Amino acid sequence: MNPIDAIKADLRAAMNGVASKAIRESGMGYKLAFGVELPRLREIAAGYAADRRLAQALWQEDIRECKMLAIMLYPHEEFDRDIAALWVESIHPELAELAQLLCMERLSTQPYAAEQAFQWMASERELFQLCGFLTLTRLLMRGAQLSPAAEREFLDQAAATLPSPYLPLRKAVHNALLRYGECSDEAAQQVARIIK
């Protein structure tokens, strides 16, 4: 059995019918969703070696869990800026959970993460903005420090983006601001002026 078929068999065995139905009814645009939860997906991923070709093949499947496993199985050191941009560009706005997982598992752990986050926050495309704010939030959670210039840029971008009609982006901006506000009393005051 090839790895893709083996993974699909693992997913079928782990299927959660209630969650699958809820995902289907929520309008997320997947062809298929097994409703497998993240901890179980991590267990499935642990049974396979990180492999670029396998990850790329999984990403091409229009199956929720295959895309999530693709993120987990893409070799960390091979996940460069070009691949990151291609994958973000291919995520449909309804599938914000994929963007969240991509930022958590791959983007925020890359050496280019901070620079990329700021470039994407300034993008005109919502999914890139979303990934920029999500990545920056993860970096702040890990104790990243922003330079004064980076702080100003972040606060300007956050203030400009917060009124977005795209709910996942608004939430990501709000969370990034709250995380930044934990850095110092001054940061908390700056955040309070933006979130009124």
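The legends below describe close-up views of a predicted model, beginning with the whole chain.

**Figure 1. Overall fold of the chain, with twelve helices and zero strands.** Read along the sequence, the elements follow the pattern α-α-α-α-α-α-α-α-α-α-α-α. The radius of gyration is 18 Å, close to the 16 Å that the globule rule gives for 196 residues, so the chain is as compact as a globular protein of that length. The C-alpha trace spans about 55 × 35 × 25 Å along its principal axes. Of the 196 residues, 47% are buried. Among contacts between residues at least 6 apart in sequence, 67% join residues at least 24 apart. The chain exposes about 10100 Å², and carbon and sulfur atoms supply 51% of this area.

**Figure 2. Helix α6 (residues 81-90) and its buried side.** The buried residues in this helix are Ile83, Ala84, Trp87 and Val88. They lie on the same side of α6 because they cover an arc of only 130° around the axis. Asp82 and Leu86 are exposed, and the face that carries them is turned away from the buried side. Cover for the buried residues includes α4 (52-60), α5 (64-73), α7 (96-105), α8 (113-121) and α9 (126-141). At the start of α6, a side-chain oxygen of Asp80 comes to within 3.1 Å of the backbone nitrogen of Asp82.

**Figure 3. Trp87 in the largest nonpolar core.** This core has 69 residues, of which Trp87, Leu107 and Phe154 touch the most other members. Helix α9 supplies the largest share of the core, nine residues. Trp87 itself belongs to the buried set of α6. Not counting residues up to four places away in sequence, Trp87 touches Ala55, Gln56, Trp59, Ala70, Ile71, Tyr74, Phe79 and Leu102. One of these, Leu102, is among the buried residues of α7.

Figure 4. The buried residues are Ala96, Leu98, Ala99, Leu101, Leu102, Cys103 and Glu105.

**Figure 5. Ala96 in helix α7.** Ala96 has a relative accessibility of 10%; it counts as buried because that value falls under the 20% cut-off. Leaving aside neighbours within four places in sequence, Ala96 is in contact with Leu130, Tyr166 and Pro168. Ala96 and Leu130 are 34 residues apart in sequence, and their C-alpha atoms are 8.3 Å apart in space.

**Figure 6. Arg64 in helix α5.** Arg64 counts as buried, at 9% relative accessibility. Its side chain reaches the backbone oxygen of Val36 at 3.1 Å. Not counting residues up to four places away in sequence, Arg64 touches Ile23, Tyr30, Leu32, Ala33, Gly35, Val36 and Glu97. The C-alpha atoms of Arg64 and Leu98 are 8.4 Å apart, with the two residues 34 apart in sequence.

**Figure 7. Met121 in helix α8.** Met121 counts as buried, with a relative accessibility of 0%. Setting aside residues up to four places away in sequence, Met121 touches Phe128, Gln129, Gly132, Phe133, Leu136, Phe154 and Gln157. Phe154 is also one of the residues that touch the most other members of the largest nonpolar core. The C-alpha atoms of Met121 and Gly132 are separated by 4.7 Å, and the two residues are eleven apart along the chain.

**Figure 8. Lys8 in helix α1 (residues 3-13).** Lys8 is buried, and its relative accessible area is 17%. Apart from neighbours within four places in sequence, Lys8 is in contact with Glu61 and Ile63.

Key
Residues numbered from 1 in each chain as written. Predicted model: local features only at pLDDT ≥ 70, side-chain atom pairs only at ≥ 80, totals over all residues. Heavy atoms only, no water. Buried < 20%, exposed > 50% of the residue type's maximum accessible area, 1.4 Å probe, protein only. Helix = DSSP H or I, 4+ residues; strand = E, 2+ residues; numbered from the N terminus. Arc of directions from axis to C-beta. Contact = heavy atoms within 4.5 Å. Polar contact = N/O pair within 3.5 Å; in protein donor to acceptor, adjacent residues only side chain to side chain. Core = buried A, V, L, I, M, F, W, Y, C linked by side-chain atoms within 4.5 Å. Rg over C-alpha atoms; globule rule 2.2 N^0.38 Å. Areas by Shrake-Rupley, 256 points an atom, 1.4 Å probe, with all protein chains shown as cover.
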